[in-house]
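Reader: I've got the model open and I'd like to learn how to read it feature by feature. Can you walk me through it?

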Amino acid sequence: MTDVELLKPLRYRSIFISDTHLGFSGARADFLLDFLESVECDTLYLVGDIIDIWEMRRRGLRWPDSHNAVVQNILKRARNGTRVIYIPGNHDEMFRDYAGMSIEGVSIELRAIHECADGRRLLVLHGDEFDTVVQCSRLAAMLGSRMYAWLIRANHWVNRIRQLFNRPYWSLAAHLKHRTKNVMQYIANYEEALIHEARQAGVDGLVCGHIHHAEITDQSGVLYCNDGDWVESCTALVESRAGHLELLRWSDVRETLKSTSGVVADGRAA
């Protein structure tokens with residue numbers, strides 16, 4: 001029995017994931033597949049940059065079995081009755097041309113309004129349209145994407161070394177991001193723009209992705225939720241049956257499950 005099988009399945013009313021960047025070598029498809037195989041939900045939101053078309057155009061098609069397994073897991077959910085809503089981002093913007101259509105049971109929308117179990121209404125969107133770098137210069141955005149890809153590859157080798165010493169997953173990119181003043185100001189400006197958009201839409205809050213910075217915060221009565229990514233932080237936003245929202249950091253959950261499995265194993269041995 002694996003670690004996650006001890007608590008399978010984790011059941012939620014809704015799950016929001018974004019920025020999986022399938023097709024990019026730095027995507028943590030292994031963690032994502034592990035997560036998807038361990039959860040059940042009524043509604044699954046794919047909040048953009050699910051498939052990294054930019055990266056595949058630049059480096060050619062690289063589609064490992066683990067990336068294909070993630071897609072097949074999502075399609076299977078749609079066939080079996082899970083409501084799956086796909087909101088394309090900037091890296092998979094070609095799918096925006098299919099907004100309003102349903103493909104293999106997956107509904108493609110530019111935006112969505114999610115109603116929580118407790119009645120709160122949340123605007124769901126990827127968020128790239130509020131990124132000044134993306135909007136002002138596509139070239140600058142693509143150069144930034146290449147630099148980020150290099151950093152993620154370096155992060156891969158850092159964690160290979162950490163594994164040798166039985167250390168948990170750690171994000172070099174996130175570590176540097178939190179210590180760079182300009183990056184933190186960029187994040188703050190992005191959040192402010194999205195909160196303003198939520199107020200304009202007359203909703204209680206919003207769910208977005210794009211900047212790979214998982215966070216839940218209440219700003220002057222507007223709930224800001226960023227579900228993070230599956231390249232650095234491996235996070236998802238989940239809603240309980242009662243409407244409670246929380247961020248699930250899968251690397252941390254796995255460590256907890258490992259500890260739990262050890263306790264259970266010891267108990268059985270006794």
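Reader: Let's start with strands. In what order do the seven strands of the open sheet come?

Author: Helices (H or I, at least four residues) and strands (E, at least two) are DSSP runs, numbered from the N terminus, and two strands pair if DSSP finds at least two bridges between them. Here seven strands make an open sheet with mixed pairing, in the order E4-E5-E3-E2-E1-E11-E12. Strand E4 (102-103) and strand E12 (245-249) stand at the edges with a single partner strand each, so one side of each has no neighbour in the sheet. Before we go on: this is a predicted model, where local features need pLDDT of at least 70 and side-chain atom pairs count only at pLDDT 80 or more, while totals for chains, interfaces and linings use all residues. Residues are numbered from 1 along each chain as its sequence is written, and side-chain values use heavy atoms, with hydrogens and water left out.

Reader: How many bridges join E1 to E2?

Author: Seven, between strand E1 (residues 10-17) and strand E2 (residues 39-46), and the two run parallel. To find one of these spots, look at Phe-16, whose bridge partner in E2 is Tyr-45.

Reader: Which helices lie on that sheet?

Author: Contact means heavy atoms within 4.5 Å; axes are lines fitted to C-alpha atoms, for helices over the stretch in contact, and angles run from 0 to 180 degrees between N-to-C directions. Helix H1 (residues 29-36) lies across E1, E2, strand E11 (235-239) and E12, at about 140 degrees to E1. Helix H3 (residues 65-79) also packs on the sheet, touching E2, strand E3 (83-86) and strand E5 (106-108), and its direction makes about 105 degrees with that of E2.

Reader: At what angle do H1 and H3 pack?

Author: About 25 degrees, with the axes 9 Å apart. Angles under 35 degrees count as roughly parallel, over 145 as roughly antiparallel, 65 to 115 as roughly perpendicular and the rest as oblique; H1 and H3 are therefore roughly parallel to each other. On the H1 side the contact is made by Ala-29, Leu-32, Leu-33 and Leu-36, and the H3 residues include Val-70, Asn-73 and Ile-74.

Reader: Now the inside. How many residues does the largest nonpolar core have?

Author: Some background: in soluble globular proteins, nonpolar side chains tend to be buried together. Buried means under 20% relative accessible area, exposed over 50%, partly exposed in between (1.4 Å probe, protein chains only). A nonpolar core is a set of buried Ala, Val, Leu, Ile, Met, Phe, Trp, Tyr and Cys residues joined through side-chain atoms within 4.5 Å. In this model the largest one has 34 residues, and Ile-15, Phe-35, Leu-44 and Trp-230 are among those with the most contacts inside it. H1 gives the most to this core, with six residues. Leaving aside neighbours within four places in sequence, Ile-15 is in contact with residues including Phe-35, Leu-44, Tyr-45 and Val-238.

Reader: And the five-strand sheet: what is its order?

Author: E6-E7-E8-E10-E9, open again and with mixed pairing. Strand E6 (112-115) and strand E9 (215-219) are at the edges, each with a single partner strand, so one side of each lacks a neighbour in the sheet. Neighbouring strands are turned by 20 degrees against each other on average, direction ignored. Strand E7 (residues 121-124) pairs with E8 in the parallel sense over three bridges, and Val-124 stands opposite Val-207 in E8.

Reader: Is Leu-206 buried or exposed?

Author: Buried, with a relative accessible area of 0%. Leu-206 sits in strand E8 (residues 205-208). Leu-206 and Leu-122 are 84 residues apart in sequence, yet 4.6 Å apart in space, C-alpha to C-alpha.
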